Amino acid sequence: MSSPLIRPPLRRPETRLVSGTKALLSAHDLCRGTTRRKHLLLRGDDEMSMQFRLLGGLEVHVDQKSVDLGHPRQQCVLVSLLVDVNTRVSTEQLLERVWGDTPPKRGRNTLYSYLSRLRQALEEAGAATINRRDGGYVIDVDPLAVDLHRFTLWTNEARTAEAPRARFLLEQAVSLRRGDLLPQVDSPWLNELRTLLAERHRAAEMDLTDLRLRCGEHTDLLSTLPRQVTRHPLDERLVGQLMLALYRSGQQATALDHYERIRRALAEQLGADPSPPLRQLHRHILTADPVLAAPDGPRAPAAAQPTVIPRQLPSPPSRFTAREQDMEALDLHDESDSVTILVVGGAGGMGKTWLALRWAHDNLDRFPDGQLFVNLQGFEPSEAPVGAQTALRSFLEALGVAPHAVPTDLNAQIGLYRSLTSDKKILILLDNAHDTEQVLPLLPGSLTSTVVITSRHRLSGLTVAHGAHTLTLRPLPADDSLRLFTSHLGRRRMAEESESASELLDLCGGMPLAISILAARAAAQPEFPLATLTDDLRQVRNTLDAFDVGDTTSDIRAVLTSSYRTLSRPASRLFRLFGMHPGPDTSLTAAAALAAEPPKHIRAVLTELVRAHLVTEERPGRYTLHDLLRAYAVELVADDATRDEAFARLVDHYLHTAHACDRFLNVHQDADPLSPPLTGSVPWLPDNHRAAHSWFTTEHPVLTNLVNQTHAAHMHTYTWQLATTLSTFLGRGSHWHDIIAVFEAALSAAIAQSNRAEQARAHRELGCASMELGLVSQAHAHLEQSIQLCRTLRQPQGEGHTQLLLGYLWELQGDQERALRHDLLALSLFEAANDEICRARALNAAGWDYAQLGRYEEAADNCRRALTLHRSLGDHRGEANAWDSMGYALQCLGDHLEAADCYRRALAINREIGHRANEAQSLEHLGDAHHVTGDLQEARAAWREAAALQEALPHRSAEVARLTTKIQGRDRSAEPA
């Protein structure tokens with residue numbers, strides 16, 4: 001018997017290729033007809049007089065002579081027709097496939113010229129004809145002359161063929177692929193096509209490995225399987241194949257070692273255990289089960305492995321008692337034939353979140369595809385509820401979507417989210433929801449997911465429209481309240497002071513939050529009898545207005561006031577001032593700025609607040625407040641005469657720290673000087689680039705909240721200054737939605753101050769972010785406005801920066817000539833302003849334009865000039881970019897050895913300055929250069945190192961997938977079929 005991870009051939013043909021592709025022919029369609037067609041199934045490329053190769057760069061050969069197909073964008077038109085061979089492809093489809101949502105201004109005319117040139121080249125070579133038909137175009141060619149369709153035919157037939165023929169067909173199919181299809185062209189359709197082709201090729205390789213294991217070729221497979229496992233260490237099917245091959249080759253210990261490696265890796269990286277099939281294979285190997293010895297036999301299908309498994313749940317509550325009936329009710333309701341929606345309702349402080357988290361952690365094994373979590377902040381006193389788009393973006397990124405690939409339209413985000421969660425067993429925990437409208441976009445479409453929602457409102461709309469089950473948490477019964485209190489204080493003390501304990505619990509009204517706060521206070525003062533605490537609480541009760549938590553049986557205000565009054569003066573002051581912090585959490589140094597105290601003094605104050613359960617240290621050095629406690633702090637600080645000064649210190653602390661960190665991220669930027677820090681607002685100063693980037697990553701949500709808070713408070717200068725310090729970090733992280741949010745506030749603040757220079761900067765940042773999000777008309781409007789303001793202010797440098805962005809925008813639209821004009825205009829502006837740093841960057845941009853236009857000598861010359869300037873000015877990042885661009889120009893000129901040397905220089909600098917993303921890019925380019933010169937071993941090594949770097953960076957799944965595809969394609973081409 002074979003391993004349970006070795007799956008049988010599928011029994012259905014795959015005819016769909018990518019979205020929008022209609023006519024990738026089925027095996028039945030291709031096999032119909034002539035004997036010639038059937039004979040072609042057994043012929044390789046070398047035997048065919050006419051060949052269309054898409055599986056490794058587009059090539060057309062007639063009688064072994066290559067046909068000139070023009071530049072890459074024109075070749076993309078031919079690919080679009082060949083994918084739907086002998087079928088009409090409409091003009092609109094062609095425009096969308098070649099340029100996506102941003103075709104050039106005269107897109108149809110450009111497309112027609114491409115088609116005309118292709119028609120002429122193909123007809124002159126006798127390869128094929130392109131005909132216009134019913135508002136579209138058709139390429140008339142034998143489908144079997146196209147390697148893509150032969151690959152599809154052979155893999156489909158292999159799924160239903162007997163083992164010998166299935167193996168032969170898979171070997172033929174796998175050998176067809178030689179690399180990437182038009183890697184120079186970036187369009188959504190072509191990107192999807194490349195990814196799908198890589199996935200199909202890898203699936204065919206895996207199926208072929210299964211067949212070879214069935215044929216007893218385990219020893220031969222040990223020459224290739226270890227390398228594949230190194231590239232895909234978390235692929236359980238692949239590891240299972242290697243384990244089986246090792247075991248059958250007499251290497252039982254090594255096979256078990258590989259199991260232990262993947263078990264640890266899954267636990268550390270995904271928080272998951274190996275799948276049941278892999279665990280079963282492990283047990284068979286441990287016991288030397290004879291079932292593994294036979295090479296043939298029935299096989300069970302392997303479990304599908306999701307690309308990304310999110311693990312977003314916070315830690316389970318440390319103290320959770322009672323609520324057994326509520327837990328059972330959740331279990332009972334989670335048995336539906338539709339999407340299960342469980343709403344946990346109740347007053348604030350009743351323990352809704354604790355119950356939901358405890359239930360979620362107890363049922364993790366029911367959700368192998370992951371868990372998503374978001375705090376919707378539906379009842380935050382100082383913050384608006386989290387919007388659906390913000391929550392969806394965080395979910396999509398957790399599911400592996402890069403930030404720049406997140407759609408801008410809410411409906412598009414919802415559609416992508418539901419596609420990614422379709423047919424997966426995922427738990428989605430939506431905490432602290434405000435109303436039904438807030439959660440509707442976050443509901444999945446799959447019947448296999450479970451949604452748990454906590455809210456103080458009933459959310460009746462979910463019950464009516466979606467069949468949600470509602471569980472309302474009531475105050476804890478007396479016995480359960482006693483159990484919770486006892487878990488804090490211990491049985492002995494509770495027995496000795498049972499009468500006082502009962503009175504305290506009566507005052508808490510069965511509210512878990514109130515019980516926990518009082519218990520913390522009592523535990524912190526073990527020498528005081530509980531009666532003292534009871535007397536104190538009785539004195540403050542009913543002296544304040546009722547605290548509206550939706551339950552008149554409890555007076556949480558009295559509990560909070562009692563605990564607040566026991567604090568030391570510094571602790572009570574800091575707790576009040578926490579009401580000024582925007583959240584979601586704060587650092588030690590920010591708390592010190594609020595209080596105008598040194599951090600070493602404030603640490604002890606925070607410890608006092610944590611012990612009183614008034615502040616929570618959720619992770620080391622990060623402090624937060626429950627929303628009820630934050631509401632209480634906001635109310636207290638409203639009467640504090642020092643509140644405005646405290647908030648100004650807080651903002652000033654973040655601004656000066658962000659400014660210092662930004663200087664490490666972008667050393668050569670022209671940063672505006674700041675006023676000296678306010679007294680008591682001591683900024684945190686980083687030592688290096690890594691520390692600065694880490695600070696931005698941690699404080700990112702706080703900083704964006706502060707921009708909005710200062711804007712609302714009409715602190716206009718702080719608003720645009722904070723936005724400016726965030727620009728580099730947000731841009732490098734592809735946080736384009738956040739850039740739009742903060743710079744819209746910055747623009748409004750600059751307009752209120754009539755500050756046209758900052759208006760120009762804000763328009764430039766908004767234009768850049770809009771461009772990255774594909775909002776072309778919006779990007780043009782902002783950039784043109786920025787240019788007009790810069791010209792009015794006579795700011796050539798500002799205009800030059802904007803002209804560079806316009807050049808990139810036109811490049812994205814496919815108009816490289818216009819891109820070059822804008823980059824050359826930027827160059828002249830920087831030269832007039834004697835700005836050598838920016839002049840060097842403009843030279844490099846123009847060099848890239850020349851390379852894209854095929855003017856490689858001019859490209860290399862511009863890059864050399866840029867390189868000389870960057871080196872003389874000590875601009876290491878600019879120097880690295882210039883080396884990389886010059887390498888590309890030299891590679892296009894055929895000087896591959898010099899190109900490789902340029903990439904190595906770029907790589908060394910990027911490593912030195914710690915720019916990991918650019919380091920990965922230089923490694924990828926170096927691998928490309930090695931591949932062109934035939935050094936496949938060095939190429940693979942560089943690509944693997946680049947992939948490892950990309951995997952360590954956030955939101956790099958697309959880059960990792962591209963490199964993985966490249967590695968797999970090159971590896972197979974280097975091996976005999």
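Author: Strands are DSSP runs of E with at least two residues, helices are runs of H or I with at least four, and both are numbered from the N terminus. By that rule, Asn 131 belongs to strand β5. This is a predicted model, in which local features need pLDDT of at least 70 and side-chain atom pairs count only at pLDDT 80 or more, while totals for chains, interfaces and linings use all residues. Residues are numbered from 1 along each chain as its sequence is written, and side-chain values use heavy atoms, with hydrogens and water left out.

Let's stay with Asn 131 for a moment. Its relative accessibility is 30%, so it counts as partly exposed; that class lies between buried (under 20% relative accessible area) and exposed (over 50%), with a 1.4 Å probe and protein chains only. If you look back along the chain from Asn 131, you will find Arg 119 twelve residues away, with 8.4 Å between the two C-alpha atoms.

Strand β5 (residues 129-133) is joined to β6 by five bridges, and the two run antiparallel; strands count as paired if DSSP finds at least two bridges between them. Two residues lie between the strands in the hairpin of β5 and β6, where Asp 134 takes a positive phi near 50°.

Strand β6 also has a link to β4. Strand β4 (residues 89-90) and β6 run antiparallel and are joined by two bridges, with Gly 136 of β6 as the bridge partner of Ser 90. How does β6 sit relative to the rest of the structure, and why? Strand β6 (residues 136-140) has four buried residues out of five, so it is largely enclosed by the rest of the structure.

Four bridges connect β1 with β2 (residues 59-62), and the two run antiparallel. Across that pairing, Phe 52 has Val 60 of β2 as its bridge partner. The hairpin of β1 and β2 has five residues between the strands, and in it Gly 56 takes a positive phi near 140°. On the way to β3, strand β2 pairs in the antiparallel sense over two bridges, and Val 62 stands opposite Lys 65 of β3.

Further along the chain you can pick out another open sheet. Its three strands follow the order β12-β14-β13, and the pairing is antiparallel. Each of the edge strands β12 (586-587) and β13 (616-619) has a single partner strand, so one side of each is left without a neighbour in the sheet. Three bridges hold the antiparallel pairing of β13 with β14 (residues 622-624), and there Thr 616 stands opposite Thr 624 of β14.

Finally, the aromatic rings you asked about. Rings of Phe, Tyr and Trp (its six-membered ring) pair if their centres lie within 6.5 Å, with planes under 30 degrees apart counted as stacked, over 60 as edge-to-face and the rest as tilted. By this rule, the count is eight aromatic pairs. Among them is the pair of Trp 695 and Phe 696, which is edge-to-face at 5.4 Å centre to centre and 70° between the planes. Trp 695 and Phe 696 are both buried, and they belong to one aromatic cluster together with Tyr 654 and Phe 729.

At another ring, a charge comes into view. Arg 818 lies over the face of Trp 810, 4.1 Å from the ring centre; a charge sits over a ring if NZ of Lys or CZ of Arg is within 6 Å of the ring centre and within 35 degrees of the ring normal.
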